[in-house]
Amino acid sequence: MSQTRQSKKVIPGFGLTMGITMSYVGFFVLIPMISMALQAAQLSFKEIVQVATDARVLSSYKVSFGCSFLAAAINVVFGTILAWVLVRYRFPGRRLIDGLIELPFALPTAVAGIALTSLTTDKGWIGQPLSHLGISVAYTKVGIVTALTFITLPFMVRSVQPVLEQLSPDYEEAGRTLGAGSFTIFRKIVLPELKPAVMTGFSLALARGLGEYGSVIFIAGNKPFQTEIAPLMIVTRLEEFLYGQATAVAMFMLFASFMIMFMVNRLQIRAARFVEN
Amino acid sequence: MFVELKEISKRFGNFEATKKVSFSLEKGTLAALLGPSGSGKTTILRMIAGLETPDSGDIFLDGQSITRLEPSRRGIGFVFQNYALFRYMTVFENIAFGLKTQKTPRAKIKEKINELLSLIGLEDLAGRYPAQLSGGQKQRVAFARALAPNPRILLLDEPFAAIDAKVRRELRTWLRRMISLLKITSIFVTHDQSEAIEVADRIIVTNSGRVEQTGAPVELYRTPATPFVAQFIGESTVIRDYGRLVGFENAPRESECAVRPEFIRLYAQGEPIQLENTVQDGQIESLAFRGDVLQVTVSVRGFSLATGYSLERPPLAVGQTVKVMIYRVYAFKEGKAELVGNRLLANGGGGYNFQI
Amino acid sequence: MPPSQTVKIGAESRRQENPFIKNALIVISLLFTLLMLVMPLLVVVTQAFGAGWANFARAVTDTFTVKALQLTLLTTVIAVAANTLFGLTAAWCLTRYRYRGQSLLITMIDLPFAVSPIIAGLIFILTYGRLGWTHSFLEAHNLKIVFAAPGIVMATIFVTIPFVAREIIPVLTARGTDEEQAAVLMGAGFFRTFFYVTLPHIRWALVYSVILCTARAMGEFGAVSVVSGHLRGKTNTLPLHIEILYNEHHYREAFAVSAILVITSIVILTARSVVERIAKKEVNQSVR
């Protein structure tokens with residue numbers, strides 16, 4: 001038996017690496033995820049529906065979805081502009097910006113949370129001028145959107161950037177020789193190439209935004225029915241030791257994330273179809 | 001027999017890569033596995049190396065079954081199509097790799113590598129990395145690396161495919177010389193018939209997973225066993241219902257045959273014809289200058305046949321009518337190819353007279 | 001993100017741009033970066049040092065801060081080491097062989113990216129907590145995982161599982177297996193093949209992914225917050241410690257501790273850029 005297997009896997013180390021990989025995934029991913037599934041299975045369907053459609057929970061879903069969607073949409077605009085500028089133009093500070101793009105990945109979310117909060121309170125550097133205009137950021141949904149925009153910015157830029165880099169100037173030149181104007185070239189030639197990457201970045205940003213906790217809870221103010229996000233609902237249930245209810249809320253969130261991740265995979269497969277070789 | 005394959009079969013999912021492949025080679029032979037892409041030739045080579053496992057059948061090397069032996073124990077030197085040189089090692093380290101795994105003493109490694117480097121003529125490049133070498137140099141390094149651990153047999157997967165045409169010719173001669181110098185049994189895979197004919201002592205022709213014929217190049221050329229070999233080796237035109245041709249009236253209906261350029265003789269207008277009853281009319285369809293000869297396509301009784309025409313003879317023009325004689329054809333019958341001569345010729349057209 | 005392997009020479013010079021649009025876009029980018037990325041860093045630094053160096057020094061040398069730092073470092077080292085080893089073995093067994101269920105395995109490795117950090121914490125509570133099926137066993141052997149350091153380490157490992165594997169898998173896939181097969185035919189075993197043949201190809205991707213993994217492991221908040229139990233001096237990591245200080249209105253101290261993490265993340269970003277540049281250079285050289 002081992003003979004046939006060995007000769008099938010010519011390169012050595014299959015048993016060793018597969019063993020480590022499976023045990024690791026089993027221990028850190030499978031067992032905990034199955035434990036949650038078991039916990040969820042103990043709840044009756046009625047209970048799950050009851051918890052997951054509780055008015056306060058429902059409003060937290062709305063806040064989470066709405067704010068994540070908005071933040072991802074903002075990044076579609078600014079993230080694409082940033083990617084474009086970083087790839088196409090040379091100007092002082094370009095390298096610095098390129099390095100800073102990943103700051104939201106490197107900076108602990110709690111630090112981002114308190115920093116953004118202190119910037120946008122009525123006494124903050126940005127919050128004060130805005131408060132004169134009657135806009136408050138911290139402790140409102142605007143604050144949540146701000147935090148999520150910060151956190152999910154790199155997803156968009158890093159999805160679009162490589163596509164722009166690979167985009168050969170030949171296409172645009174071909175468009176230009178055919179007499180197309182700059183805007184037409186962008187709309188007809190560049191935009192279709194970017195679309196899959198933008199969609200991927202958007203979905204990744206949306207998924208991350210839905211689950212984000214650390215940066216949001218400081219700036220959100222966490223007022224019930226107004227600025228409570230879905231992950232916070234899990235935490236409050238846990239703090240009350242209502243594990244079943246926490247699981248029910250979590251299951252709904254997981255479902256949403258999986259749907260988004262599934263979409264991302266489909267998009268990437270579709271995008272890959274257009275790539276030669 | 002030094003290398004022997006017995007009824008080797010291998011499938012990948014629904015695809016049958018090889019179907020009961022058998023052949024054998026004597027020690028010291030330089031053999032070519034020749035076939036179109038997807039014919040199973042690379043799979044056969046990789047199974048000999050142990051990089052793939054046959055589903056059934058047996059492989060023998062020097063009388064010992066190696067079918068279940070680990071690849072590293074088979075004593076095989078393998079030259080990959082893209083050389084697979086270790087990119088982060090120098091030429092010296094690349095060649096030394098196999099010797100180090102055999103725990104060869106350091107001094108001996110050095111001696112052996114210097115010997116190999118002077119053999120391949122790259123003594124000065126020992127410290128270079130693969131990225132700093134030309135295609136031909138990489139090929140030579142891959143060859144030396146495969147030979148370093150003293151393998152019993154050398155396998156080469158499309159050894160000239162990644163090299164540009166000019167250097168390829170040079171390398172063929174070089175490889176041929178090296179292998180006859182070292183007298184090591186070698187098998188190389190190729191899809192290029194001229195490469196196989198020029199380089200190999202023996203050719204194993206594969207087609208859709210089967211071995212069509214095994215033999216010396218001249219044998220395959222002169223006596224192709226199957227329609228596939230008749231078409232694949234040398235240049236030939238395959239025609240159907242060739243009973244229409246003068247001298248082949250006995251051909252069964254609907255049957256096919258292959259006609260080689262040298263089986264056809266053209267008589268320009270006014271040229272004397274020895275046997276008037278053996279010729280038929282043909283029209284010149286196209287003429288192409290090939291240097292030593294004219295490449296002619298002639299339409300004969302509805303068939304378009306390709307042949308050569310010496311520049312020393314009376315000139316031809318497109319559209320001109322000529323007389324055409326066919327000496328012989330390879331008639332296809334139930335998957336076999338067989339030489340059939342023009343029945344009107346004295347010797348039956350069968351005397352395919354040349355000796356090497 | 002692996003360093004891009006394309007070099008476009010003169011790509012910009014071939015494009016004619018409308019200077020107004022170009023400048024407008026650059027200004028928008030600079031403003032956006034300033035507002036969203038630079039200001040948060042500046043506010044942390046000014047708040048941290050706003051009350052003088054002495055206050056800062058006192059805040060960061062506070063016993064609880066030091067203990068939180070120790071736990072953070074311990075967690076990070078363990079999580080990064082474990083995930084590096086895992087990432088290498090997973091990338092190896094997912095790219096050097098073909099078998100059924102490979103894409104399922106990749107999905108499982110990706111899973112932590114799709115899961116909210118809060119859920120990542122929750123699953124460990126449900127496994128090892130009071131209601132978990134392992135609870136009686138843990139109780140009997142006097143083992144504590146949830147609301148203790150092991151839980152924090154495990155939650156951190158979970159959220160950072162994909163980092164190394166995800167970075168190395170594409171590099172190995174793109175390279176194929178010819179070199180390893182050549183090594184095997186010359187009699188090399190697993191370790192020789194891995195260290196001499198494979199590792200040189202992936203070393204920069206490895207360094208790069210370890211850097212990013214470290215950043216995430218150090219800064220993880222949500223998952224750790226759920227499993228920590230918030231025991232000061234025992235189960236607090238630096239991010240959790242910042243939360244406590246902030247919620248207790250010790251703003252100066254909170255920002256002082258944050259400044260440590262800000263500096264760390266700037267170091268990490270710089271290292272990332274440097275590694276990316278070196279790797280790019282090397283790729284260009286070997287393409288030659």
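The C-alpha centres of domain 1 and domain 2 of chain A lie 30 Å apart in this predicted model. Domain 1 covers residues 13–42 and domain 2 covers residues 44–273 of chain A, the bounds being taken from an automatic or database domain assignment. The C-alpha atoms of chain A fill a box of roughly 75 × 65 × 35 Å along the principal axes. The secondary structure of chain A comprises 14 helices and zero strands, where helices (H or I, at least four residues) and strands (E, at least two) are DSSP runs numbered from the N terminus.

Residues are numbered from 1 along each chain as its sequence is written, while chains are lettered from A and ligands numbered from 1 in the order in which they are written. As the model is predicted, local features need pLDDT of at least 70 and side-chain atom pairs count only at pLDDT 80 or more, whereas totals for chains, interfaces and linings use all residues.

Packing within chain A was examined for helix α4. Two packed helices are described by the angle between their axes and the distance between the axes. Helix α4 (residues 55–88) of chain A and helix α11 (residues 182–211) of chain A have axes that come within 9 Å and cross at roughly 145°. Axes are lines fitted to C-alpha atoms, for helices over the stretch in contact, and angles run from 0 to 180 degrees between N-to-C directions. In the contact, residues of α4(A) including S64(A), F69(A), N75(A) and T80(A) meet residues of α11(A) including L194(A), F202(A) and L210(A); two residues are in contact if their C-beta atoms, placed from the backbone, lie within 7 Å.

The axes of α4(A) and helix α13 (residues 230–239) of chain A come within 7 Å and cross at roughly 145°. Here V57(A), S60(A), Y61(A) and S64(A) of α4(A) meet A230(A), L232(A) and M233(A) of α13(A). This contact has five nonpolar, two polar and no charged residues.

In chain B, an open sheet of four strands has the order β11-β12-β18-β19, with antiparallel pairing; strands pair if DSSP finds at least two bridges between them. Its edge strands are β11 (237–240) and β19 (336–341) of chain B, each pairing on one side only. The twist averages 30° from one strand to the next. Strand β18 (residues 328–333) of chain B pairs with β19(B) in the antiparallel sense over six bridges, and V329(B) has V340(B) in β19(B) as its bridge partner.

Between chains, 83 residues of chain A are in contact with 81 residues of chain C. Helix α2 (residues 14–42) of chain A gives the largest share of the chain A side, 18 residues. That side has 59 nonpolar, 16 polar and eight charged residues. For chain B, 18 residues are in contact with 15 residues of chain C.

The predictor gives the complex an ipTM of 0.88 and a pTM of 0.86. Chain C has a mean pLDDT of 88, with 93% of its residues at 70 or more; pLDDT is the predictor's confidence in each residue, from 0 to 100. Over residues 1–14 of chain C, pLDDT stays under 50.

Terms used. Nonpolar A, V, L, I, M, F, W, Y, C, P; charged D, E, K, R; others polar.
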